[in-house]
Amino acid sequence: MAAERARIANNEATEPSSKVVRFGADMPLKLDSGKVLSPFQIAYQTYGELNSARSNAVLICHALTGDQHVASNNPVTGKPGWWEVLIGPGKVIDTNRFFVICSNVIGGCLGSTGPATINPQTGKPWGLDMPIVTIGDMVRAQVMLVDHLGIDRLFSVIGGSMGGMQVLQWASAYPERVHTALPIATGARHSSQNIAFHEVGRQAVMADPDWRGGRYIEAGTRPEKGLAVARMAAHITYLSEAALHRKFGRNLQDRAALTFGFDADFQIESYLRHQGMSFVDRFDANSYLYMTRAMDYFDLAADHGGRLADAFRGTSTRFCLVSFTSDWLFPTEESRSIVHALNAAGASVSFVEIETDRGHDAFLLDEPELFSAIDGFLRSAARARGLEELA
Amino acid sequence: MSVNSNGPRIDLQLIADFIAPRARVLDVGCGDGELLAYLEQDKQVDGRGVEISQRGVNECVARGLSAIQGDADTDLVFYPDKGFDYVILSQTLQATRNPREVLEQLLRIGERAIVSFPNFGYWRVRLSLLFRGRMPVTRDLPYSWYDTPNIHFCTIRDFVALCEEVGATVESAMALDREGHSIGVSMPWWFWNLFGQQAVFVLKR
């Protein structure tokens, strides 16, 4: 079962079952590192219909380990799309009204060019030959996709966590193409603590002997243990102490007493091990290195002379930021500093902080207050733009 | 509180009357957005709200208003000079820690500031102190002294003095009775100070 999933995931990295657009040598992707990625491909999904005015497109940006399958079954796990609570027919982001686009980011592992994709020049997976990509590169690739789809202006760009970083990058670099921006549970830069957690994850992957200097696919091995440990450490940061206590406390796992050993005595240990092991079946270890690095490098203010407000100067994009009280990965203060910068830039901005003990992961869960905020924001933005049919 | 068929609260209606159509408006202490919703509907303003209670902000955003959680005492500094045509501070001045600084910020951010506040010189307030010797608890000031959010009460005359201190010009002013109706437009300050239950000022600097 696990091997079968890994086999499917490997295929998806080059021949995705979703839609895919391949850009040839005439359309290279220029990267922030100064390197050029060419040829390259973007795997994506769409839901709903683009209207004749091409005014109802919503771009969803996925988080660190997300993918393009936002509102349909994941081909590797068979599980529902990662944001189906929010997106679909009759849902808050109603695919009867909106044309929803979600692409796998550059550097990802489900069909957009990434380290597990076959490099056409060598016939082998890119591995660490893949240049480092940034949030800016991911967005530049998405711009090419949106151009390919013939869309000038997106009604909305929406995403949480790393997806929220892409939203901010979109709004900053392409303000005239973004009518509304919804960055959720995110920050304008990755904090030192967040970089630290990512470094722990990367070191765990690279310390696994099966990583083979990044050439594990050709070697026929997989750095499962290292990647699982990385996921376990990261997963803790997506939750909160209160939620962990509420769900697991100090409860024992299928046993009446401590075993005086290093087996998973506690439910929380068993839960984390399960999270780690199920992750390695669906995610490429090298891709995890690239994704975490892209987040670490993100610092929107630094790109604008240290003044975040300058990243949004003169924007007409309408913003709605959302944070969660128990999110310690991207605490409310991160969102608030973006709000202050947007205020200083004279932008239209709403900011909703939602009370929950579910931590960073709350943005992926059924949070009624999140949904009513998104719904109210999008409808009023549609009215403001004279798109009554979307309101 | 919501915009019902009878329109908004009378004091909010009075504030709205000062505002030109399609103006840029910042409502500081916007609550659940009643005034902003009315202004957007009736005057097609480009409205923004700041509200200290997160519940109020979330309600504003859910009803399609642009609002952020923020504190008048600390968060107004982030707004650019003259970024708005009107900055409204409705029934909030008395709850700020530093009313003078807040007023300065309003005058900096807005071409005009509209400030409404309860008048502590109102005769019922005076009577309560004079005869009962107790801090007044009235319909409009329902809190006891120990749990009130209103920490900086002033009278109309006090407020006029503050306006002079900060160099604000009073463009327009009115005192309202208990029902929110404007009283005696041409009455002297002392009359307003005694019979005005609240006051609305339009200031410019």
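This is a predicted model: local features need pLDDT of at least 70, side-chain atom pairs count only at pLDDT 80 or more; totals for chains, interfaces and linings use all residues.

Reader: Start with chain A. What is the strand order in its open sheet of eight strands?
Author: The order is E1-E4-E8-E5-E11-E12-E13-E14, with mixed pairing. Strands here are DSSP runs of at least two residues (E), helices are runs of at least four (H or I), and both are numbered from the N terminus. Two strands pair if DSSP finds at least two bridges between them.

Reader: Which strands stand at the edges?
Author: E1 (19–23) and E14 of chain A. Each has a single partner strand, so one side of each lacks a neighbour in the sheet. On average, neighbouring strands are turned by 20° against each other, direction ignored.

Reader: How many bridges join E1(A) to E4(A)?
Author: Five, and the two strands run antiparallel. Phe23(A) stands opposite Phe40(A) in E4(A).

Reader: What does helix H11 of chain A touch on that sheet?
Author: H11(A), residues 368–384, packs on E11 (154–160), E12 (178–184), E13 and E14 of chain A. Its direction makes about 170° with that of E12(A). Contact means heavy atoms within 4.5 Å. Axes are lines fitted to C-alpha atoms, for helices over the stretch in contact, and angles run from 0 to 180 degrees between N-to-C directions.

Reader: Which helix of chain B lies across E13 and E14 of chain A?
Author: H3(B), residues 54–62. It runs at about 125° to E14(A).

Reader: Switching to H10(A). Is it buried or exposed?
Author: Ten of its 13 residues are buried, so the rest of the structure largely encloses H10(A). Buried is under 20% relative accessible area, exposed over 50%, partly exposed in between (1.4 Å probe, protein chains only). Among the buried residues are Glu334(A), Arg336(A) and His340(A).

Reader: What do those buried residues pack against?
Author: In chain A, H3 (162–173), E13 (318–324) and E14 (348–354). In chain B, strand E3 (67–69) and helix H4 (72–75). Just after H10(A), Gly346(A) takes a positive phi of about 75°.

Reader: Now H6(A) and H8(A). How do they cross?
Author: The axes of H6(A), residues 224–238, and H8(A), residues 267–282, come within 8 Å and cross at roughly 125°. That makes H6(A) oblique to H8(A). Under 35 degrees is roughly parallel, over 145 roughly antiparallel, 65 to 115 roughly perpendicular, and the rest oblique. Residues meeting there include Leu227(A) and Met232(A) from H6(A), and Tyr271(A) and Phe279(A) from H8(A).

Reader: And chain B's sheet, what order?
Author: Eight strands form an open sheet, E3-E2-E1-E4-E5-E8-E6-E7, with mixed pairing. E3 and E7 (182–183) of chain B are the edge strands, each pairing on one side only. E1(B), residues 24–28, runs parallel to E2(B), residues 46–51, through five bridges. Asp27(B) stands opposite Gly49(B) in E2(B).

Reader: Last one. At what angle do H1(B) and H2(B) cross?
Author: Roughly 45°, with axes coming within 10 Å. The two helices are therefore oblique to each other. Leu12(B) and Ile15(B) are among the H1(B) residues there, and Leu35(B) and Tyr38(B) among those of H2(B).

Note on methods. Residues are numbered from 1 along each chain as its sequence is written. Chains are lettered from A and ligands numbered from 1 in the order in which they are written. Side-chain values use heavy atoms; hydrogens and water are left out.
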